[in-house]
Amino acid sequence: MHYYNEEDLARFGEMAKYRPELFEKFLAWYTACQEEGALSKREKALIGLAVAVTVQCPYCIEAFTNSCLENGSNMDQMTEAMHLASAIRGGASLVHGIQSHNAHDKVSM
Amino acid sequence: MDSGIQITRNGRPAIPAAPTPFSERAGGLRALAVDTLQVNVGKLCNQACKHCHVDASPIRTEIMSAEVVDECLRVIREFSIPTLDITGGAPELNPNFRRFVTEARWFGANVIVRHNLTVMHEDGQNDLPEFFAKNEVEIVSSLPYFQQTQTDAQRGTGVFERSISALRRLNDVGYGTSGKLKLNLVYNPVGAFLPPAQSAIEADFKRELKSRYGIVFNNLYTITNMPIARYLDWLRRSGNELSYITKLVGAFNPSTLEGLMCRSMISVDWTGRLFDCDFNQMLELGPTDGTPRTIFDFDAEKLRKRMIATADHCYGCTAGAGSSCGGTVA
Ligand code: SF4
Ligand code: SF4
């Protein structure tokens, strides 16, 4: 058995087996977030892909890759979105270096 | 399969079995009109695209004869068929093609040609733009994406570049710019996924083709890949058959049923046999309820009311906003 099985994405609905009202609320929210609104479906799919890569969820990465393609995006656009998310992630680490500087300065002459 | 006929391809089912049969979701479908005669004049093509439902290529020899072309012209004239839609293969490679177009125009039919763009670069075809313009032919051309990588991956190396130069030639004679000369492009997914919203991707195509290449066109049609023929072979090779048919079934949209193209057209194969659409033609899935079988016994009254032969591939026409030779239907 693997921790991640490709087929498990299609079984997501089984999360409603226990406390179904919570899963229904989640699903309604999740679905509504992806509808066309002030942002287009395509923009939302690109945000979804960027976040999926950032949270490193293989199911979300597959789902949002397909969603990006089905909204007309190409790999150049998707790659830019993934780079931005990854760069923010890298930057978020690096900016904490200032805390190290602060800690260093506090104990140093 | 709904029709009860088992059609095979290389020893395997020619249509992927859907988890729910199409007839259960759609019920029986009847035609509503015969406004369009869609004629497939042969399987010969200068390309051999990976998704081609016709299995067309340069080595195919099936070509409609002058006799069958004449019969199609008779039907157009006698029954005042409003639209002739010529497809193939590359229809221009049929020696009867230009006569077919010209005479159908004399009889007052609107003529649509499914023109693959690159055929214009073949010997003796360089004047096609002028021929099309003179006859006010409506052109529908595949360009699966506005980038080279995707287009060449589906249609062959170098096709994007040659398509762009052909589009420029069409623009030069007035296509895509004036009201009369319509140039419509076709987007279809380069892979095992569904097409995007037609209006959204049309806006991208217009912006990108104009800014990168100075090309203009009228409308973009999004077409769903039909899980038959060469595209089905690819789905199987790439391990996508089950997930693709499941996707199509999951996206079934009942509001597409009213506008399905088979309900307002009849399709003719290179030998003159009649089918509900070009897909059924390739599957040799003929009408079942005693309606006329060939162009030689065409009877508009009977064909207008015929039952349509459906099977699970029909999910390719009913997914999302639907799909037809004229793009979305819902
Ligand atoms: S898709 Fe069109 S251009 Fe490509 S091989 Fe088939 S008929 Fe020819
Ligand atoms: S494949 Fe599409 S057009 Fe052809 S019979 Fe089925 S629903 Fe109609």
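# Exercises on Loops, Ligand Shells and Cores

B:Gly89 lies in the loop that joins β4 (83–87) to α3 (97–106) of chain B; helices (H or I, at least four residues) and strands (E, at least two) are DSSP runs numbered from the N terminus. This is a predicted model, in which local features need pLDDT of at least 70 and side-chain atom pairs count only at pLDDT 80 or more, while totals for chains, interfaces and linings use all residues; side-chain values use heavy atoms, with hydrogens and water left out. Residues are numbered from 1 along each chain as its sequence is written, and chains are lettered from A and ligands numbered from 1 in the order in which they are written.

**Exercise 1.** Determine whether the peptide bond from B:Gly88 to B:Gly89 is cis or trans, and identify the ligand that has B:Gly89 in its shell.

*Solution.* Step 1: omega is near 25° for the bond from B:Gly88 to B:Gly89, and this bond is cis. Step 2: B:Gly89 belongs to the surroundings of ligand 1, which also include B:Cys45, B:Cys49, B:Cys52, B:Asn116 and B:Arg155; a residue is near a molecule if one of its heavy atoms lies within 4 Å of it. Step 3: this shell has five nonpolar, four polar and one charged residues, where Ala, Val, Leu, Ile, Met, Phe, Trp, Tyr, Cys and Pro count as nonpolar, Asp, Glu, Lys and Arg as charged, and the others, Gly among them, as polar. Step 4: ligand 1 takes up the largest cavity. A cavity is a set of points, on a 1 Å grid over the protein atoms alone, where a 1.4 Å probe fits but cannot get out; a molecule sits in it if more than half of its atoms lie within 2 Å of its grid points.

**Exercise 2.** Describe the shell of ligand 2 by class and state which cavity holds ligand 2.

*Solution.* Step 1: the residues around ligand 2 include B:Cys262, B:Cys277, B:Cys314, B:Cys317 and B:His313. Step 2: the shell has eight nonpolar, two polar and no charged residues. Step 3: ligand 2 sits in the second largest cavity.

**Exercise 3.** Classify B:Leu117 and B:Glu136 as buried, partly exposed or exposed.

*Solution.* Step 1: B:Leu117, in the loop between β5 (110–114) and α4 (128–134) of chain B, has a positive phi of about 75° although it is not a glycine. Step 2: B:Leu117 counts as buried because its relative accessibility is 0%; buried means under 20% relative accessible area, exposed over 50%, and partly exposed in between (1.4 Å probe, protein chains only). Step 3: B:Glu136, in the loop between α4 and β6 (138–142) of chain B, is not a glycine either and has a positive phi of about 50°. Step 4: B:Glu136 has 32% relative accessibility and therefore counts as partly exposed.

**Exercise 4.** Which residues of the largest nonpolar core touch the most other members?

*Solution.* Step 1: a nonpolar core is a set of buried Ala, Val, Leu, Ile, Met, Phe, Trp, Tyr and Cys residues joined through side-chain atoms within 4.5 Å. Step 2: of the 112 residues in the largest one, B:Leu37, B:Phe100, B:Phe132, B:Phe205 and B:Phe298 touch the most other members. Step 3: helix α2 (residues 66–78) of chain B contributes the largest share of this core, six residues. Step 4: not counting residues up to four places away in sequence, the contacts (heavy atoms within 4.5 Å) of B:Phe298 include B:Val34, B:Leu37, B:Val75 and B:Ile266.

Technical notes: On a 1 Å grid over the protein atoms alone, a cavity is a set of points where a 1.4 Å probe fits but cannot get out, and a pocket is an open set with protein on both sides within 12 Å along at least five of seven lines; lining residues have an atom within 4 Å of a point.
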